[in-house]
Amino acid sequence: MSAVLPVTPTVEAAAGHRLALRRFTRNRLAVAGLTVVVLFLLFCFAGPLLHSTDQTHTHLTQVNLAPSGAHLLGTDAVGHDELGRLMYGGKVSLLVGLASGLLATVIGTLWGAVAGYAGGWIDAVMMRVVDAGIAIPALFILLVVSAITTPDTWGLVVILGLVSWLVPSRLVRAETLTLKGRDYVLTLRAIGGTHGRAIGRHILPNSVSTVVVAATFQVADAILLVAYVSYLGLGVQPPSTDWGGMLSAGLTAAYSGRWWLIVPPGLAIILVVCAFNAIGDGLRDAFDVRGRG
């Protein structure tokens, strides 16, 4: 008789991830969202290589021009090409959203994993900190910080990351509470494995699904928060801009019929946020054990 090899947690997790990938690719809405995100990334980061514009200096002889062959989306109040501005602002919005979402997820994952694994009074204290942070609206904190200082792009990344890690920490803590009672974790502890090894070797790898889904929603939330703050004039300062800043700059122009200053950045925010939410929903369904057949 041939010996039956045991299935290790790593092999089991890898098989689960392959199954999740197949389930994700069958979700048309999630695939459409991923396609939209990829197209916007190409538009914002590769587009300026094909459509080079000056987004630093003013061009007062070309202000508020309607869309034409020379300027496909017209120009703004200082003569900047609006299509190039959309690429430039999208680069900032996407960079801040992705970077701050990643930072928030990393902080929240580590915090939640330690709290859930430690348990007892350590868990209680750490989660009370989270509860206190969630009670304060993130937008309020952003407005206060932005009023005190003038953040640049990376300053916004740090600020958003530090106010957005609370929800991921709760999700990862809940997952850790389930995983720390599994046989492979208990076996590792029984043979003298350290707490750090248990978290790094078993808890975090088996929480990948929760972490990935949380990160996707964090990016969408971060892009919206940047738009909120910039719309109020407290985001990145000129000549830099993002989609929220473009909306704020074009608000008064919209009453004069210059729709091209409002519609493109507004649609960009809506499409990108909806796309990331669709990806998050697709990933959540793909990793949902109860839905696997």
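Is Trp111 buried, exposed or partly exposed? In this predicted model, Trp111 is partly exposed, because its relative accessible area is 27%, and that value falls between the limits of under 20% for buried and over 50% for exposed.

Helix α3 covers residues 82-118 and packs with helix α2, residues 28-50, at an angle of about 120°, the two axes being 8 Å apart. The two helices are therefore oblique to each other, and α2 passes α3 in a left-handed crossing. Among the residues that meet here are Phe40, Phe43 and Cys44 in α2, and Leu83, Met87 and Lys91 in α3. Sorted by class, this contact has 11 nonpolar, two polar and one charged residues.

The structure also holds four aromatic pairs. One of them joins Phe40 and Trp243 edge-to-face, with 5.8 Å from centre to centre and 70° between the planes. This pair links distant parts of the chain, since Phe40 lies in α2 and Trp243 in helix α11, 203 residues apart.

Trp111 lies in α3 and Trp165 in the loop between α6 and α7, so the pair ties together parts that are 54 residues apart in sequence. Whereas Trp111 is partly exposed, Trp165 is buried, with a relative accessible area of 10%.

Conventions:
Residues numbered from 1 in each chain as written. Predicted model: local features only at pLDDT ≥ 70, side-chain atom pairs only at ≥ 80, totals over all residues. Heavy atoms only, no water. Axes fitted to C-alpha atoms, helices over the stretch in contact; angles between N-to-C directions. Helix = DSSP H or I, 4+ residues; strand = E, 2+ residues; numbered from the N terminus. Parallel < 35°, antiparallel > 145°, perpendicular 65-115°, else oblique. Left-handed = near helix turned anticlockwise from the far one by under 90°. Contact = heavy atoms within 4.5 Å. Nonpolar A, V, L, I, M, F, W, Y, C, P; charged D, E, K, R; others polar. Phe/Tyr/Trp six-rings, centres within 6.5 Å; stacked < 30°, edge-to-face > 60°. Buried < 20%, exposed > 50% of the residue type's maximum accessible area, 1.4 Å probe, protein only.
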